[in-house]
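Biologist: I would be grateful for a close look at the pockets of this protein. Please describe what lines them, and then turn to the packing of helices.

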Amino acid sequence: MMTSVLFQRARVIDPRNGVDGIRDVLVTDGRVAQVSEAPLVAPKDARVVDATGKWVVPGFIDLHVHLREPGEEGKETVLTGCRAAVAGGFTGVVAMPNTKVVNDSALVTELVLSRARDADLCHVYPAGAITKGLKGEELSEAGELVGAGCVALTDDGRPVMNAALMRRVLQYATLFDVPVMVHEEDLTLSAGGAMHEGATSTRLGLRGIPASAEVAMVARDLVLLEETKGRLHVAHVSCEGSVRLIREAKKRGLRVTCEVAPHHFTLDDRAVGDYDTHAKMAPPLRGDADVKALREALVDGTVDAIATDHAPHGVSDKLVEFEKGINGIVGLETALGLTLALVHEGVLTPRRAVELLSEGPARVFGLPGGHLAPGSPADITVVSPGEEWTVDAHRFYSRSRNTPFHGRTMKGRVSQTWVGGRCVFEDGQLKESR
Ligand SMILES: [Zn+2]
């Protein structure tokens with residue numbers, strides 16, 4: 001049933017296995033069969049892909065995606081989110097639990113997984129809520145959630161303000177060896193704020209969110225982590241202070257990992273410009289010193305993964321005054337272009353960029369994939385690194401259009417996305433099974 005595929009003369013970048021060079025890659029029965037410096041002979045009936053000038057890399061994995069189903073299907077569904085994912089080169093996404101029926105039970109986890117099976121495009125890994133209804137009051141049943149297929153616990157969208165509860169979930173999660181993923185925001189410090197507290201917020205007359213709203217919570221959770229010996233994953237790190245604390249904690253051997261979103265390493269608070277709600281997110285776009293610190297942390301290994309925080313919203317959610325604008329932007333279809341901008345600027349090596357999109361996220365959440373060793377699932381992204389294109393939000397596969405990057409020219413594009421040896425996206429077109 002499954003045919004073979006031979007990628008010829010690709011630049012294969014596989015950080016985990018130390019590969020960066022011209023190779024042929026043979027895929028059979030949905031798995032990587034051979035990666036060879038010498039040209040391989042195509043088996044009979046194999047599809048041959050001439051990958052000259054292209055990169056063949058492990059499929060990207062996004063640790064932070066809001067698919068909005070169940071409950072807000074007008075913004076996104078598991079199906080439309082998976083379409084956006086494979087169009088962006090992602091072969092796996094972690095679905096946040098803050099849907100309008102919160103994923104705090106096996107029932108909701110199973111629903112998301114069944115929608116993902118129906119979509120049949122990429123892997124969807126649900127994350128379960130730390131607290132019931134994301135209310136921050138009572139722990140949900142972690143055992144039930146993990147048993148149903150959740151790969152992490154998080155109240156993302158909201159912080160866990162109660163330190164005792166946070167301490168308990170860090171302890172409890174060690175029983176299941178899943179990471180506790182945190183949205184770090186001290187609500188008493190961010191209250192009433194609409195953007196980063198700095199010169200721009202002063203100029204615009206908007207209430208600011210100080211960096212301490214994030215950094216103080218990172219500090220608290222690192223203290224709790226040390227005491228509990230748990231696993232902490234800090235979502236969407238945005239400030240220099242957080243980076244410094246996480247770097248130091250890693251040096252001391254704490255089990256902390258973190259992710260950075262493309263918008264946070266690309267834009268600073270000046271992007272809010274003239275009250276542009278497409279530059280409104282939580283955590284907010286920070287100052288230029290923070291952007292510089294995030295870039296250094298991407299280079300030196302403090303950051304484990306680039307994750308998009310893909311947050312679809314309707315037009316009416318953004319067509320309001322800035323303070324009332326809802327937080328978040330879509331990210332799946334612009335992540336590669338923004339990451340490659342760092343490569344073209346000489347900030348990241350191609351190898352490090354690929355690592356941050358594939359091997360890093362797979363390792364952090366213990367997910368399959370992230371590398372191309374023989375026997376591993378053939379989840380593969382083919383990249384045209386030099387191809388220029390202009391972001392047109394109206395052509396997104398996502399159901400939502402909220403992006404500050406509409407009209408931006410990108411260099412580097414997804415050419416093909418393969419999941420389990422099947423081509424699901426090619427040259428701008430989806431290849432759906434139905
Ligand atoms: Zn968040």
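Modeller: The model is a predicted one. Its largest pocket has a volume of about 730 Å³. The lining of this pocket comprises 38 residues, and those nearest its centre are Gly157, Arg158, His183, Ala282 and Asn327. Two helices, α5 (187-190) and α7 (212-228), each contribute at least two residues to the lining of the largest pocket. Sorted by class, that lining holds 13 charged, 13 polar and 12 nonpolar residues.

The second largest pocket has a volume of about 530 Å³. Its lining is formed by 24 residues, with Trp389, Tyr397, Arg413, Phe425 and Gly428 lying nearest the centre. Two or more residues of this lining come from each of α12 (335-344), β16 (380-390) and β17 (409-419). The classes here are 9 nonpolar, 9 polar and 6 charged residues.

As for helix packing, two packed helices are described by the angle between their axes and the distance between the axes. Helix α1 (residues 78-87) packs against helix α2 (residues 106-119) at an angle of about 55°, and their axes are 9 Å apart. On the α1 side the contact is made by Val78, Leu79 and Cys82, and on the α2 side by Val112, Arg115, Ala116 and Ala119. By class, this contact of α1 with α2 has 6 nonpolar residues and 1 charged residue, with no polar ones.

Terms used. Residues numbered from 1 in each chain as written. Predicted model: local features only at pLDDT ≥ 70, side-chain atom pairs only at ≥ 80, totals over all residues. Heavy atoms only, no water. 1 Å grid on protein atoms, 1.4 Å probe; cavity = no way out; pocket = protein on both sides within 12 Å on 5 of 7 lines; lining within 4 Å. Points joined across faces, edges and corners; volume = space filled by probe spheres on them. Helix = DSSP H or I, 4+ residues; strand = E, 2+ residues; numbered from the N terminus. Nonpolar A, V, L, I, M, F, W, Y, C, P; charged D, E, K, R; others polar. Axes fitted to C-alpha atoms, helices over the stretch in contact; angles between N-to-C directions. Contact = heavy atoms within 4.5 Å.
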